Amino acid sequence: IDLGRVKVHEADACLVLANKYCQDPDAEDAANIMRVISIKNYSDDIRVIIQLMQYHNKAYLLNIPSWDWKQGDDVICLAELKLGFIAQSCLAPGFSTMMANLFAMRSFKTSPDMAAWQNDYLQGTGCEMYTETLSPTFTGMSFSQASELCFVKLKLLLLAIEVKPDDGGDSKISINPRGAKIPANTVGFFIAQSAEEVKRAWFYCKACHEDVKDENQIKKCKCKNFVGGLMIHSVLKSQEISAQITKGKTNGVANTKPGGPGGVGPAQSSLASGNKGPNALKKNVSVKEDGKPSMNGRPTNKAAVQQKSAKMEVGIADDQAKDFDFEKTEMKYDSTGMFHWTPARAIEDCILDRNQAAMTVLNGHVVVCLFADPDSPLIGLRNLVMPLRASNFHYHELKHVVIVGSVDYIRREWKTLQNLPKISVLNGSPLSRADLRAVNVNLCDMCVILSAKVPSNDDPTLADKEAILASLNIKAMTFDDTIGVLNQNGGANDSLSPLGSPIVLQRKQGSVYGANVPMITELVNDSNVQFLDQDDDDDPDTELYLTQPFACGTAFAVSVLDSLMSTTYFNQNALTLIRSLITGGATPELELILAEGAGLRGGYSTPETLSNRDRCRVGQISLSEGPLSSFGEGGKYIDLFVAALRNYGMLCIGLYRFRDTANAFDASSKRYVITNPPTDFALLPSDQVFVFIHWIDWLERLLPPTVDRFRLNKTTKSVRVNAV
């Protein structure tokens, strides 16, 4: 009766919201799933968008006969997205804030009364994600050429394109694909201030607009070239242009498996130049006769310094020692090839006591401070760890994850974690300074503070008391800065790699003060953000996105995901893009496997699954050193954007800048997020750049052949190079 009264059968969509502060998340999800069943029984073709609390309950929606994501049905899993955002912040601090602001649908208004950093930040909060069909002018271009044209000429940031396979399968979204030629009528994904701006990508005509200097003058033209181009590319598709497109697809993304709502089908693009055939992939990724993969002609399980590996293990954790001895570390992936995989391990094999943790020299790792009672609802830690285990990272690049909390609770989560490598558990308290020192919290790349406890209904302010206390406790700690750079000092021959470069094992310089430890705290109640930073002057009634901790990427609240419901309603593809960015590449195929309840399955490495590693990931590049350092000395953002895209295939999407840029003694070490800065924005040497980077060859083109990787040292704000 009620569904009839609100005329569900005439509605455009039905949105089902969850109570994020409920006492029993599973019961809340069950009730909402039953509501969806009732709605679908009443009107099976109604579009439904539902919020779920727990990831494992997504599987039940697949059992509803009329549930069809192709018709617009979608699920926003709060636990999956929340922990996914936090996971990406472990890889690129501040990224969670950038993405949350992109789908928040708000305008900005700067003020001369505000600090300069607040105006820079607010300009970025006005950016949103839009889709628009690319004009015929873009047909046949590579993605990097199209992205450069959009940024320089149209003042738009092109992130990704929708790719439709030749076999008629489901279209998928490719983020910053390489080697792919853009077919006619391709849909692009943009970051811009308004939908009106994005229409320039559809109106742009080379014949009419090539000499136009003011992007606001790029409007629909009536020239024959524009109309004729539409006819040729959209209707006639002449043989010449079809051949060109087919060639582009062969070199690009056309031969990949179709993706779907769960994420992005990876771009199986050529790793060499765009005019080489699909066999060019064999140059960088090939399969040897014994079945072990090799990259660039070098087997992955043979270290160039295997004779010296015994020396390099001194004073290094077992997992880190294996990073340098690939003979012991055979790379394996799950059955989809999207994530690193290891045979199931018992939790007892991964538990450390305080002494064992102190003996293990942890460095550059992720510390997860978890507050939970033995019977607390499961929060789905797998959603936090899986993005950190994406296969587009080399095994030695994976950050060790150390969970500090109650083993009784973690034991209940372990079934979903047992197949993910490099995880340790310390049975202790996140409020214990001894436990925090044992896991070297001052040397971590990120400290994540989470709570699985059910919030009390009595006083919402107390819902975050443990997380706030843990955050303030770490900030009040001081550390002995004794770990610097470790050199392997042997004889003249021992200290050189076979290629003649000195072997230097560089360690991260630790923070002396806890306030400098990279940290992100999850909050249940938005207003509690006022207690995280003692040096800010945020009013208690200030909206979360305007507060300093959120602008700096050190706080995250699940409430920011509410706006995803309206974003998904207006643009379903936006949710697909966001989900693919933050989950590390989860696909519909993988979701079906996880729905079985048996966890991740290992798979044999085939050329097809190995090619799945070749997809973009989020990274952060420093301008203080390295090949892009020349732009840090008064360069303009547009010059950095063009150089990074042309030379290294890196797509710049924003900056992470110090709040206090003056070199004063009391200058804050906090940074804030600037999303898609203006083209003439002045750069500083201390800036860090958010980029979408390719998997393999960006390192090889950026650095000499002797360099294994380059990695950001967040404390010294420089690019660090590890030679192997």
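**A friendly note on strands, helices and cores**

1. Let's start with strand β16: Met446, Val448 and Leu450 point one way from it, Cys447, Ile449 and Ser451 point the other way, and all are buried. Buried means under 20% relative accessible area, with exposed over 50% and partly exposed in between (1.4 Å probe, protein chains only). In a regular strand, side chains alternate between the two faces of the sheet. β16 covers residues 446-451, and six of its six residues are buried.

2. A word on the model: it is predicted, so local features need pLDDT of at least 70 and side-chain atom pairs count only at pLDDT 80 or more, while totals for chains, interfaces and linings use all residues. Residues are numbered from 1 along each chain as its sequence is written, and side-chain values use heavy atoms, leaving out hydrogens and water. Helices (H or I, at least four residues) and strands (E, at least two) are DSSP runs, numbered from the N terminus.

3. Which strands pair with β16? Strand β13 (residues 366-371) does, in the parallel sense over six bridges, and Phe371 has Ser451 as its bridge partner. Strand β19 (residues 519-523) also pairs with β16 in the parallel sense, over three bridges; here Ile449 stands opposite Thr521. Two strands pair if DSSP finds at least two bridges between them.

4. Now look at helix α6 (residues 116-125), where seven of the 10 residues are buried. Among them are Trp117, Tyr121 and Leu122. The buried residues of α6 pack against α5 (95-102), α20 (548-551) and β24 (671-675). Contact means heavy atoms within 4.5 Å.

5. Helix α21 (residues 563-570) and helix α22 (residues 572-583) pack at an angle of about 125°, with their axes 5 Å apart. Axes are lines fitted to C-alpha atoms, for helices over the stretch in contact, and angles run from 0 to 180 degrees between N-to-C directions. The two helices α21 and α22 are therefore oblique to each other (under 35 degrees is roughly parallel, over 145 roughly antiparallel, 65 to 115 roughly perpendicular, and the rest oblique).

6. Which residues touch the most other members of the largest nonpolar core? They are Leu450, Leu561 and Phe692, in a core of 147 residues. Helix α4 (residues 78-91) gives the largest share of this core, nine residues. A nonpolar core is a set of buried Ala, Val, Leu, Ile, Met, Phe, Trp, Tyr and Cys residues joined through side-chain atoms within 4.5 Å.
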